[in-house]
Structure formats: structure tokens, C-alpha cells
Amino acid sequence: MPELPEVETVRSGLDRLLPGLIVKSVTCQNPKSFSGSAADVKQFLTGAAVSKVNRRAKVLMIELSNQHTLVIHLKMTGQLVFQSTNVRFGAGHPNDSLVGQLPDKSTRVTLEFADGSRLFFNDQRKFGWIRLLPTAEVPGMAFIQKLGPEPLESQFTWQVLKDRLHRRLKTNIKAALLDQTVIAGVGNIYADESLWGAKIHPQTRVQQLSTPQIKALHDALVSVLRLSLQQGGSTDRNYVDAEGRKGSYLSFAKVFRREGQTCPRCGTTIVKIRVAGRGTHLCPHCQRLHIPRIVS
DNA sequence: CACTTGACCTGTCCGC
DNA sequence: TGCGGACAGGTCAAGT
């Protein structure tokens with residue numbers, strides 16, 4: 001489930017590998033995974049050089065030298081894996097074991113570059129997509145305009161978090177954290193992990209959060225996302241980076257996918273419940289739900 | 001408008 | 001061993 005740390009890890013890998021490469025051909029194995037007419041591909045993709053790879057929230061943007069951009073969302077199971085005859089990743093590198101393995105049955109789109117290297121868009125569940133657009137139109141895309149702030153940028157203070165949460169006062173904090181218009185890039189893993197860090201029950205109504213709780217949540221969010229980025233993200237099942245490497249954050253996770261194990265803070269058994277339609281992991285002792293009561 | 005639920009997909013796991 | 005169903009979760013459309 002690529003969330004901000006995973007998508008950022010893919011971005012930085014692609015940004016090291018792709019700039020300067022010239023697109024030679026595009027093969028689309030699943031029509032829904034790629035939107036861009038054959039004429040546009042011929043005119044604006046084939047022959048173009050990659051200039052830079054950007055990210056906003058969970059969306060990747062491969063910018064081309066001809067004022068066009070490939071906008072990519074990996075959704076749940078998307079991967080962008082690069083293979084080259086020229087770039088060597090070193091002995092024992094997982095990319096070596098992929099040589100000859102790709103494309104496989106989950107490959108939806110293949111970009112081939114002039115030097116023979118290839119970028120595979122693999123996506124088991126076909127939820128992800130790639131769109132070819134003029135670069136100038138990217139910021140105007142509806143979902144990009146609605147996105148909340150990037151939580152790892154320095155402008156993201158606890159006051160900003162408090163302000164953004166104001167738009168979802170009546171829902172629970174877990175749903176608010178997953179809402180990309182509140183904060184960009186948080187998904188199920190980091191929502192659960194940061195709520196544990198801040199000792200907040202996921203079903204707490206946003207309106208009921210105190211200022212100290214919002215400060216704690218802000219700190220937890222930032223530190224969890226930073227740690228995950230350091231670890232190359234989380235690999236639950238599918239996720240790999242641009243070179244085919246897995247992320248190791250989940251070995252640092254406190255509650256995510258750890259139901260039945262003990263809370264590292266208090267020893268209580270971690271439980272899994274359903275909140276906002278998502279599997280949600282928490283420590284029932286550290287993260288208690290406060291029921292407001294009427295004072296008479 | 002605020003908020004919740006279901007659909008989109010495929011692979012895996014669990015119970016029978 | 002096979003089969004049906006639940007489950008995994010990012011996002012948007014449709015529902016309350």
C-alpha cells in the first residue's frame with residue numbers, strides 16, 4: 001500500500017535513474033492502466049527525454065523535456081520497477097533476480113527507453129493508473145487541487161494540522177487522517193502508527209481532541225513518516241522501490257498488523273477493529289475512547 | 001454540505 | 001484437494 005514514504009522512495013529512485021533517458025516505445029497490456037491516445041503517445045511521449053521525477057501526496061509525476069508529464073498513481077498494488085542493461089546495482093541486489101522475470105502477469109504498462117532500459121508498471125489489482133498530460137495542466141487536476149499540505153514540509157506545524165482538521169470536526173480522527181484533502185499522503189499504516197504514538201483512540205471525534213493531543217498527533221505523524229522514509233517505506237506484500245527493493249519500516253511498527261501481540265509501551269494485547277471501513281490496530285489501554293458525559 | 005458506504009480488482013487465506 | 005467467501009485498502013461515485 002504505497003503511502004507517502006513508499007511513493008517518495010520510488011520517486012527518489014526514479015529521479016536518480018531516469019533523467020536523460022529517451023522514451024522509445026510504450027506497451028500497454030491493460031487499457032485501463034494508461035490513458036493517453038495513440039496519437040498523443042506518438043506525438044508527446046515517443047522521443048521525449050525524462051527531465052525530472054516529482055511527487056505530490058501519493059502521486060508521482062515523470063516530467064518530460066517536451067512540456068508533458070506522466071502522472072502516476074500506484075493505488076494499492078502498483079510498482080514502478082526499473083531495469084537497465086547499463087546501470088549495475090551490485091552483486092546480490094534484488095534487481096538482478098528480476099532480470100528476465102519482467103514483464104510478468106501483473107505488468108500493465110512497459111516504457112522502453114532508447115538505451116534499452118525499461119520501466120515496468122506492475123499492478124496486481126489494476127487500481128493504479130498512468131495519465132499523459134501537458135505539464136501545465138497537472139496542477140489543475142481536480143484531485144491535486146484539493147490535496148492538503150505535505151506533512152514532511154517545514155510549513156506543516158501543529159497549528160496547520162489543527163486548522164486542517166477543522167473541516168472534519170464531526171468525523172473520527174482516523175477517517176480525517178485518511179482524507180487526502182486534510183493532509184496529503186497518509187494511509188492506513190501511518191494513520192494507525194501515529195495514533196498509537198499520540199495515544200489517541202482512532203474513533204475519537206475530531207471535535208473532542210484537545211490541543212495537547214493535536215500537538216502529540218502532529219509530532220507522531222512527522223516522526224513516523226520520517227522513520228519510514230529512512231527505512232525505505234513499508235512492504236506488506238507488494239511494495240518495492242524503483243530498483244525492486246522492499247522497505248523495512250514494518251519491523252519498527254508498534255501496532256500495524258500486530259493484533260494479538262503486546263503493546264511495546266504497556267504490554268496490553270493489541271486489538272484490531274474496523275474504523276472508517278478500514279482494519280484499524282490499536283492498544284486498548286494506551287488509546288482509550290473518552291465518552292463525553294453530561295456534567296450536572 | 002458533511003459524512004458513510006460500495007465499487008473498482010486480484011491474490012491469499014480460512015473454514016468446510 | 002477444492003470451493004466459497006472474507007479480506008486486503010486508495011480513491012471516487014453514489015448514497016444517507
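Strands E6 and E8 (residues 118-123) pair in the antiparallel sense over 6 bridges, where pairing requires at least two DSSP bridges between two strands. Helices (H or I, at least four residues) and strands (E, at least two) are DSSP runs, numbered from the N terminus. The model is predicted: local features need pLDDT of at least 70 and side-chain atom pairs count only at pLDDT 80 or more, whereas totals for chains, interfaces and linings use all residues. Residues are numbered from 1 along each chain as its sequence is written, and side-chain values use heavy atoms, with hydrogens and water left out.

Within the pair, Leu80 stands opposite Phe121 in E8. Strand E6 (residues 78-83) is mostly covered, with 6 of its 6 residues buried, that is, under 20% relative accessible area (1.4 Å probe, protein chains only). In a regular strand the side chains alternate between the two faces of the sheet. In E6, Gly78, Leu80 and Phe82 point one way and Gln79, Val81 and Gln83 the other way, and all are buried.

A further group of 5 strands forms an open sheet of mixed pairing, in the order E2-E9-E5-E4-E3. Strand E2 (34-35) and strand E3 (50-56) stand at the edges with a single partner strand each, so one side of each is left without a neighbour in the sheet. E3 runs antiparallel to strand E4 (residues 59-64), to which 6 bridges join it, and Val53 stands opposite Ile62 in E4.

Helices lie across this sheet. Helix H1 (residues 4-17) lies across E3 and E4 and runs at about 170° to E3; axes are lines fitted to C-alpha atoms, for helices over the stretch in contact, and angles run from 0 to 180 degrees between N-to-C directions. Helix H2 (residues 38-45) lies across E2, E4, strand E5 (68-73) and strand E9 (129-134), at about 65° to E9.

H1 also meets H8: their axes come within 9 Å and cross at roughly 35°. The contact (heavy atoms within 4.5 Å) is made by Pro5, Glu6, Glu8 and Thr9 of H1 and Leu225, Ser228 and Leu229 of H8.

Helix H8 (residues 211-230) has a further crossing with helix H5 (residues 158-165), where the axes come within 9 Å at roughly 110°. That angle makes H5 roughly perpendicular to H8, a term covering 65 to 115 degrees. Here Trp158, Leu161, Lys162 and Leu165 in H5 meet Thr211, Ile214, Lys215, Leu217 and His218 in H8.

Definitions and conventions. Chains lettered and ligands numbered in written order. Buried < 20%, exposed > 50% of the residue type's maximum accessible area, 1.4 Å probe, protein only. Parallel < 35°, antiparallel > 145°, perpendicular 65-115°, else oblique.
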